[in-house]
Amino acid sequence: MNIVDKTKETFALTTPLYYVNDIPHIGSAYTTMAADAVARFQRLLGRPVLLITGTDEHGQKIQRTAEEKGLQPHEFCDQIVPHFVQLWQKLDIQYDRFSRTTAERHHAIVKEFFQRVWEKGDIYQGQQKGWYCVSCEEYKEERELLEGKRCLIHTNKEVEWRDEENYFFRLSKYQQQLEALYQERPEFIQPSSRRNEVLNFVSQGLQDFSISRVNVDWGFPMPTDPKHTIYVWFDALLAYVTALLDKEDKPTLEAALNKWYPINLHLIGKDILRFHAVYWPAMLMSAGLPLPQRVFGHGFLTKDGQKMGKSLGNTIDPIALVDKYGADAVRYYFLKEIEFGKDGDFNETRFINVLNADLANDLGNLLNRNLNMVKKYCGMNMPQVENADIPNECSLKAIGLSLGEQVQNAYEALAFNQACELVLNLVRASNKFIDEQAPWTLYKNGQQQSVEKVLYAVLESVRLAAYLLSPIIPSVSSQIYQQLGFEINFNDQPETAINAPFATHATWGFLTSKQKLGQPQPIFKRIEIPKND
Ligand code: MSP
């Protein structure tokens with residue numbers, strides 16, 4: 001198979017494929033919002049993008065949950081999947097593929113991949129003894145367990161003892177190759193704290209892991225021994241590859257790897273780092289396939305300082321949150337307030353304060369106030385000023401000229417909070433600029449040209465801010481753009497390609513005196529803090 005590296009021309013990225021044992025919670029929404037922001041940013045750069053999300057439906061956890069509900073596993077999965085689809089719609093997630101591990105074409109990919117690894121001699125039969133966490137779908141070392149035989153992530157569930165015949169994957173064989181990978185490509189695992197975790201884990205010596213089950217029916221049968229089903233993680237990681245197939249493609253590895261492969265970015269939470277940064281590359285090495293470019297493990301969300309979890313009953317329903325505050329508010333809070341890679345907290349009062357301060361006051365009022373001044377001082381005509389009339393020393397232009405590049409670096413590093421801060425810096429400087437320049441006084445003194453220069457500089461800064469924030473708050477940015485007279489909607493579907501290329505729109509000075517402005521309207525309503533809080 002001849003696979004050409006497409007990572008420079010195209011950009012394929014993935015969210016984890018979510019377990020369907022329950023309806024989505026805010027943790028699943030978090031990764032997906034981040035992935036969507038990355039995808040949208042790459043699209044602005046003009047790159048063809050493929051955003052893959054989906055659901056992980058096999059395995060014991062799902063089988064048991066379905067049994068508890070008195071349903072066949074496939075019926076149960078079919079009931080849960082629409083909840084994910086609905087949430088992604090509500091959150092304005094522009095995904096390109098929704099990969100379900102129960103899809104028939106996925107079965108074909110798993111069989112072909114399994115065959116390659118089998119022929120390589122990397123699968124053998126053995127006896128698996130150990131403690132299994134069904135919620136993680138993972139064997140745990142005894143030393144990793146808490147008191148009462150509970151795993152660190154699912155502290156309310158006991159692990160289960162297993163002693164059974166399984167097939168194993170020769171992970172240990174790839175120890176050196178993996179170590180070389182981490183050394184040669186230090187950017188492979190990010191952020192660096194996660195890379196260190198992986199280096200530490202691998203340095204303790206890798207053990208082969210079992211990739212089949214005899215006690216679970218809900219899975220693909222193992223091609224070489226159908227009494228066994230394929231371990232859910234072996235199957236699920238491969239669904240990233242299946243998702244690369246176009247609708248009309250035959251389900252073969254060759255077709256799947258033809259257009260978007262290797263994948264540029266796997267976005268995951270820190271609990272599933274080992275699978276993505278150790279097992280997955282080793283599986284690909286065994287199958288003789290190129291590796292993804294980057295694996296980024298983000299932190300966990302907590303609520304009011306406590307770890308969020310079903311057992312504590314403190315999870316947040318993302319649907320309710322979006323219904324109450326809107327998609328942009330939710331996207332903005334989680335991406336701006338939490339450093340991507342670190343754990344982060346949700347607190348409703350802080351949520352409201354951040355949105356009021358940044359979106360309602362700093363950004364929203366700036367646009368509104370400025371458009372109203374344009375109305376008053378220029379009769380709603382665009383100020384008769386061009387970019388060239390504004391000196392480079394103008395404080396807003398000085399910030400604006402290098403902003404696009406800085407924000408690009410921040411998005412590429414997945415530092416969404418930094419991207420927002422950089423943009424807010426221009427927004428705050430614009431508010432200060434109006435106060436200092438006092439166009440109302442200039443107007444009174446008959447200095448019309450100076451008034452128009454001030455208003456131009458601020459309008460242009462708001463435009464640039466809206467553009468650079470559009471991957472995070474696409475609806476607010478679209479409203480700003482429309483009030484500035486552009487027929488651009490950042491929520492247009494990717495196939496219709498938004499005509500707002502980064503090369504022109506991310507540069508300060510794009511507005512011209514010919515622009516026809518729209519009517520000023522509030523873009524983000526202040527949220528009142530509930531009295532009983
Ligand atoms: N099915 C596997 C992934 C297979 S990928 C081939 C899985 N699914 S999951 O639904 O349990 O978790 C999906 C993602 O949600 C993980 O990246 C996990 O880190 C993330 N989160 C679950 N709870 C979370 C928080 N409280 N906070 C942030 N993210 C968390 O694992």
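How much space lies in the second largest pocket? A few notes on that, the ligand and the cavity follow.

1. Ground rules. This is a predicted model, where local features need pLDDT of at least 70 and side-chain atom pairs count only at pLDDT 80 or more, while totals for chains, interfaces and linings use all residues. Residues are numbered from 1 along each chain as its sequence is written, and side-chain values use heavy atoms, with hydrogens and water left out.

2. The second largest pocket. About 1100 Å³ of space lies in it. A pocket here is an open set of points on a 1 Å grid over the protein atoms alone, where a 1.4 Å probe fits, with protein on both sides within 12 Å along at least five of seven lines; lining residues have an atom within 4 Å of a point. Volume is the space filled by probe spheres set on the points, which are joined across faces, edges and corners.

3. Its lining. Of 39 lining residues, Glu138, Tyr139, Glu144, Phe201 and Arg274 lie nearest the centre. Two or more residues each come from strand 4 (123–133), strand 5 (138–140), helix 6 (192–203), strand 8 (209–210) and helix 9 (273–287). Strand 4 gives the most, five residues. By class, the lining has 18 nonpolar, seven polar and 14 charged residues; Ala, Val, Leu, Ile, Met, Phe, Trp, Tyr, Cys and Pro count as nonpolar, Asp, Glu, Lys and Arg as charged, and the others, Gly among them, as polar.

4. Backbone N or O atoms do the work I'd check by eye: one of Leu17 lies 2.8 Å from a ligand nitrogen, and one of Leu301 lies 2.9 Å from a ligand nitrogen. A polar backbone atom of Tyr19 is 3.1 Å from a ligand oxygen. The protein buries 91% of the 660 Å² that the ligand exposes when taken alone (Shrake-Rupley areas, 1.4 Å probe).

5. The ligand's shell. There are 20 residues around the ligand, the closest being Leu17, Asp56, Gly269, Asp271 and Leu301 (a heavy atom within 4 Å counts). They divide into 12 nonpolar, six polar and two charged.

6. The cavity. There is one cavity of 30 Å³ or more, a cavity being a set of points where the probe fits but cannot get out. The largest holds about 60 Å³ of space, and 13 residues line it, with Gly59, Arg213, Val216, Tyr231 and Val232 closest to its centre.

Notes:
Helix = DSSP H or I, 4+ residues; strand = E, 2+ residues; numbered from the N terminus. Polar contact = N/O pair within 3.5 Å; in protein donor to acceptor, adjacent residues only side chain to side chain.
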